[in-house]
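Hello! Have a look at the fold first, and then read on.

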Amino acid sequence: MSDEPDKNPEDEFADMLRQFLSGNSDLDPSKLASAAGLPSDPAAVAQLMRQLQRAMQHTGDGVDWKVALEAAQEIAGKDAVSIDPGIRSALEQALHVAELWLDEVTFVTELAATPKLLSRKEWVTATMPVWTQLAEPVALSIADALTRVLKEQAPEELSGMMAGASQLMRNIGGALFAMQLGQVVGQLSTEVVSGGDVGIPLLSDQQAALVPQNLAEFGDGLDIAPDQVQLYLSVREIAHARLFRHAKWLRLHMISSITEFARGISIDTDRLEELASGFDPSNPEELRQAMVSGALIPPKSEAQEQALARLETTLALVEGWVDVVTAAATVRLPKRDAVAETVRRRRATGGPAESAFSTLVGLELRPRRLREAAAMWQAVTDAVGAEGRDALWSHPDVVPTSEDIDNPAGLVARLLAGEPEPDEMDQAIADFFREEESGGASTGDDTPAPPVV
């Protein structure tokens with residue numbers, strides 16, 4: 001008979017976990033580390049134990065995303081190299097030249113902030129807020145579903161304990177998911193070459209940035225002079241950042257599309273129940289595989305498919321525009337086409353970490369209709385010039401649509417015929433975004449406001 005008959009079930013469960021975390025358990029921590037996507041070396045196991053101990057102490061309702069940040073920073077810090085002063089000078093010069101070349105071929109707002117050169121770890125720190133925003137709906141759904149299923153599947157003698165420990169289970173489930181996300185973002189930090197490399201606006205304030213270590217590795221093996229690679233990728237990054245500064249509404253529109261998609265995510269509890277019914281605590285690899293393979297995320301709903309289609313259209317429009325203006329701005333580079341083809345092949349396949357993110361969260365980041373969107377922007381440029389093309393970004397009501405990508409000739413015909421300006425309400429919305437961007441005060445940028453078509 002227990003000496004503590006009134007002991008809280010949650011306390012009993014916490015005691016059991018503490019025994020495990022202190023090593024006083026039959027469970028093998030290295031196998032749990034493997035389930036969290038970590039190597040089974042002592043350092044990784046110790047890291048996992050620390051993160052789970054933190055999860056036990058976490059009192060908030062949401063996921064403790066510091067777990068993801070620390071896991072990603074750990075990966076990003078490995079094999080890190082400092083920026084050679086000569087490389088730094090060359091990249092700063094390339095970014096400066098890129099801005100001058102873009103001035104010649106675009107009519108979008110200049111950047112207010114000086115472009116940055118980021119280490120892999122700095123890239124992780126700067127972009128993690130957006131990654132966690134994208135992943136949070138799935139993390140919470142998995143944590144809630146796992147808690148519910150384990151409570152239902154628990155043996156009768158443990159049911160009271162599990163019922164009282166739901167918050168702890170939820171925290172630990174969230175911590176394991178956060179560690180998976182940290183693994184993905186940490187690996188991404190070794191692949192991306194710039195702030196806008198994955199298409200979505202990861203950096204705040206329309207900041208342009210390059211990751212010199214990855215940029216150097218991008219050029220390895222190419223029969224192209226490093227300065228040409230640096231210039232081409234600098235132009236792409238500055239163009240991407242300028243577009244989001246120019247189109248004040250664009251970042252919110254894109255993030256809203258992602259949020260709308262994520263809001264409809266649910267977890268396949270039938271699959272989770274199957275896993276829980278045969279769950280072997282000493283071998284949690286099956287649970288990890290289900291999580292990272294996307295098996296717990298059921299097929300997309302009709303509303304999600306529509307939200308995803310809108311997001312893919314926006315991504316294609318953004319990257320198609322960047323391709324067209326980059327091609328125009330880099331006509332002086334003899335190897336421009338070779339670098340562009342390398343970028344296209346790399347973007348078409350994506351990297352291992354990007355694939356892992358799409359299965360973990362259920363969201364693909366690469367546009368499928370990039371070539372068609374680029375062809376549309378080129379047709380518009382040929383018909384109405386760069387200024388007329390860039391004016392289409394001034395307002396969400398006049399930006400091209402999916403139908404325009406399918407029928408560039410129809411869009412060109414409308415532009416040549418002239419289209420009505422947005423009404424007073426539309427103008428008020430545009431002014432609101434402009435004021436939100438500047439914080440209600442001057443940013444010191446004297447560039448005139450973009451024309452409203």
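How do the residues of the lining of the largest cavity divide into nonpolar, polar and charged?

1. Before the answer, a word on the source: this is a predicted model. Every value below is computed from it.

2. On to the lining of the largest cavity: seven of its residues are charged, four are nonpolar and three are polar. In total, 14 residues line this cavity. Those nearest its centre are Val193, Ser194, Asp197, Arg236 and Val343.

3. For the volume, the largest cavity holds about 170 Å³ of space. The structure has four cavities of 30 Å³ or more.

4. Which helices each supply at least two residues of that lining? They are H10 (226-246) and H15 (336-349). Helix H10 gives the most, with four residues.

5. Now to the aromatic rings. A search of the whole structure turns up three aromatic pairs. One of them joins Trp249 and Trp393, with ring centres 6.4 Å apart and planes at 25°. An angle under 30 degrees counts as stacked, so the pair Trp249 and Trp393 is stacked.

6. Where in the chain do Trp249 and Trp393 sit? Trp249 is in the loop between H10 and helix H11 (250-263), while Trp393 is in the loop between helix H17 (370-391) and helix H18 (402-406). This pair links distant parts of the chain, its two residues being 144 residues apart.

7. Are these two tryptophans buried or exposed? Trp249 counts as buried because its relative accessibility is 7%, where the cut-off for buried is under 20%. Trp393 is buried too, with a relative accessible area of 0%.

8. Trp393 also pairs with Trp377. Their rings are 5.3 Å apart centre to centre, with 25° between the planes, and this pair is stacked. Trp377 lies in helix H17 and Trp393 in the loop between H17 and H18, 16 residues apart. Trp377 is buried, at a relative accessible area of 0%.

9. To put the ring pairs together: Trp249, Trp377 and Trp393 are linked by them into a cluster. Trp393 takes part in the pair with Trp249 and in the pair with Trp377.

Terms used: Residues numbered from 1 in each chain as written. Predicted model: local features only at pLDDT ≥ 70, side-chain atom pairs only at ≥ 80, totals over all residues. Heavy atoms only, no water. 1 Å grid on protein atoms, 1.4 Å probe; cavity = no way out; pocket = protein on both sides within 12 Å on 5 of 7 lines; lining within 4 Å. Points joined across faces, edges and corners; volume = space filled by probe spheres on them. Nonpolar A, V, L, I, M, F, W, Y, C, P; charged D, E, K, R; others polar. Phe/Tyr/Trp six-rings, centres within 6.5 Å; stacked < 30°, edge-to-face > 60°. Buried < 20%, exposed > 50% of the residue type's maximum accessible area, 1.4 Å probe, protein only.
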